[in-house]
Every structure is written in structure tokens, then in C-alpha cells.
Amino acid sequence: MSVNVLYKTSAKATGGRDGHAATLDGALDVKLTTPKELGGGGGAGNNPEQLFAAGYAACFIGAMKFVASQGGPKVPADASVTSTVGIGPRSAGGFGLDIDLAVSLPGLARAEAETLVEKAHQVCPYSNATRGNVDVRLTVV
């Protein structure tokens, strides 16, 4: 499948989970730390799962707005997505992710909200990237 790329960005990481990451344009610059649950010291800094969770949540709202622009219900201004990303060993070896998206769409009827979320899940690039590889659970809250 080909993608008509409209935007690209690049980031460089050094030191792994206890290092540093920054976009080449300087817009994002973060210290990385390994969570205690993964054998690290924790402390000030971020980890890849936090960055993924924030990106997925923001992107999913964008996907809902895209669906709305195609005739779907309007996304409320106070809509929010809470993305919970877990990491751990896979039964097949290596490590894997587990994701929950809790979507709040105040003012929309539940059935309308659930339809919007399902349609957004079909167009969101994060959803498309994880589909078939990562368990992603969607909940309208």
C-alpha cells in the first residue's frame, strides 16, 4: 500500500530509554528515563510509551474531526481522548504494547459517539499502524 506523504518529521534519539530525544527542527526536546516498572530509576523525564500515548490521543481527536468534516457529527470543543499505553513481554517473545482509548464526547448521544469513534478508528494513522499488531480497546466515556 502506498501513502501520499503530505508531511514528514525526523527525530533523533541517543542513549536509549535513559537518554535524549529531539526532533531535528528543535520543536521537541525531551530527556528520556526508564520507568521503575521496567527496571529503571524513574525520575524526571519521559519514556517512549508516554510519547506514544500523547501522540495517539491527539491524533485520534484529529481523526474524529476528519470524520466530522465528511458528514459525521460535530466533535465537541471539549472532546478528549485518554490514551493508556502498556508495555510488557509478549507470550511469543520480545515486547509488545497494549492500548486503551477512552473517548469523551460531551453532548453527543452514546450511539452517535460510538459510531464516530469507530469511523475515526478506521482512518486514524495510529490505529492503522497498530491494527492487527496491538490490542486497542475503544471506550466512549
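**View 1. Overall order of elements in the predicted model.** From the N terminus on, the elements of the chain follow the order β-β-β-α-β-β-α-α-β, which amounts to three helices and six strands. The model shown here is predicted. Taken along the principal axes, the box filled by the C-alpha atoms of the chain is roughly 45 × 35 × 35 Å. Of the 141 residues in the chain, 33% count as buried, and the accessible surface comes to about 8800 Å², with 55% of that area belonging to carbon and sulfur atoms. Among the contacts in the chain with a separation of 6 or more, 46% are accounted for by residues 24 or more positions apart.

View 2. The chain is divided into domain 1, covering residues 1-46, and domain 2, covering residues 48-140. Between the C-alpha centres of domain 1 and domain 2 there is a distance of 21 Å, and the contact takes six residues from domain 1 and five residues from domain 2.

**View 3. The largest nonpolar core.** This core has 26 residues, of which Phe60, Met64, Val81 and Leu105 touch the most other members. At least two residues of the core are supplied by each of α1 (48-69), β4 (80-89), β5 (95-104), α2 (110-123) and β6 (135-140), and α1 gives the most, with nine residues. When residues up to four places away in sequence are not counted, valine 81 touches Ala57, Phe60, Ile61, Met64, Leu101, Ala102 and Val103.

**View 4. Alanine 120 and its surroundings.** Alanine 120 has its place in helix α2 and, at 0% relative accessibility, counts as buried, because buried is the term for residues under 20%. Leaving aside residues up to four places away in sequence, alanine 120 touches Phe60, Ala63, Met64 and Val67. The pair formed by alanine 120 and phenylalanine 60 is separated by 60 residues in sequence, whereas the two lie 6.9 Å apart in space, C-alpha to C-alpha.

**View 5. Serine 127 in helix α3.** Helix α3, which spans residues 125-130, contains serine 127, and this serine counts as buried with a relative accessibility of 0%. Beyond residues up to four places away in sequence, which are not counted, serine 127 touches Tyr56, Phe60 and His121.

**View 6. Arginine 137 with aspartate 98 and aspartate 100.** The structure holds four salt bridges, and a network of salt bridges links Asp98, Asp100 and Arg137. In one of these pairs the side chains of arginine 137 and aspartate 98 meet at 2.4 Å, N to O; this pair links distant parts of the chain, with arginine 137 in strand β6 and aspartate 98 in strand β5, 39 residues apart. Aspartate 100 also forms a salt bridge with arginine 137, and the closest N and O atoms of that pair are 2.8 Å apart. Because aspartate 100 lies in strand β5 and arginine 137 in strand β6, the second pair ties together parts that are 37 residues apart in sequence.

View 7. Arginine 110 forms a salt bridge with glutamate 114, and the closest N and O atoms are 3.1 Å apart. Both residues of the pair, arginine 110 and glutamate 114, lie in helix α2, where they are four residues apart, or about one turn of the helix. Arginine 110 counts as partly exposed at 47% relative accessibility, and glutamate 114 likewise counts as partly exposed, at 36%.

**View 8. A nonpolar patch on the surface.** Leu38, Ile87, Phe95 and Leu97 form this patch, and together they have about 340 Å² of accessible area.

Note on methods: Residues are numbered from 1 along each chain as its sequence is written. This is a predicted model: local features need pLDDT of at least 70, side-chain atom pairs count only at pLDDT 80 or more; totals for chains, interfaces and linings use all residues. Side-chain values use heavy atoms; hydrogens and water are left out. A nonpolar core is a set of buried Ala, Val, Leu, Ile, Met, Phe, Trp, Tyr and Cys residues joined through side-chain atoms within 4.5 Å. Buried means under 20% relative accessible area, exposed over 50%, partly exposed in between (1.4 Å probe, protein chains only). Contact means heavy atoms within 4.5 Å. Patches are made of residues with over 30% relative accessible area and no salt bridge: like charges are joined within 9 Å, nonpolar side chains (Val, Leu, Ile, Met, Phe, Trp, Tyr) within 5 Å. Accessible areas come from the Shrake-Rupley method with a 1.4 Å probe; for residues, only the protein chains shown count as cover. Domain bounds come from an automatic or database domain assignment.
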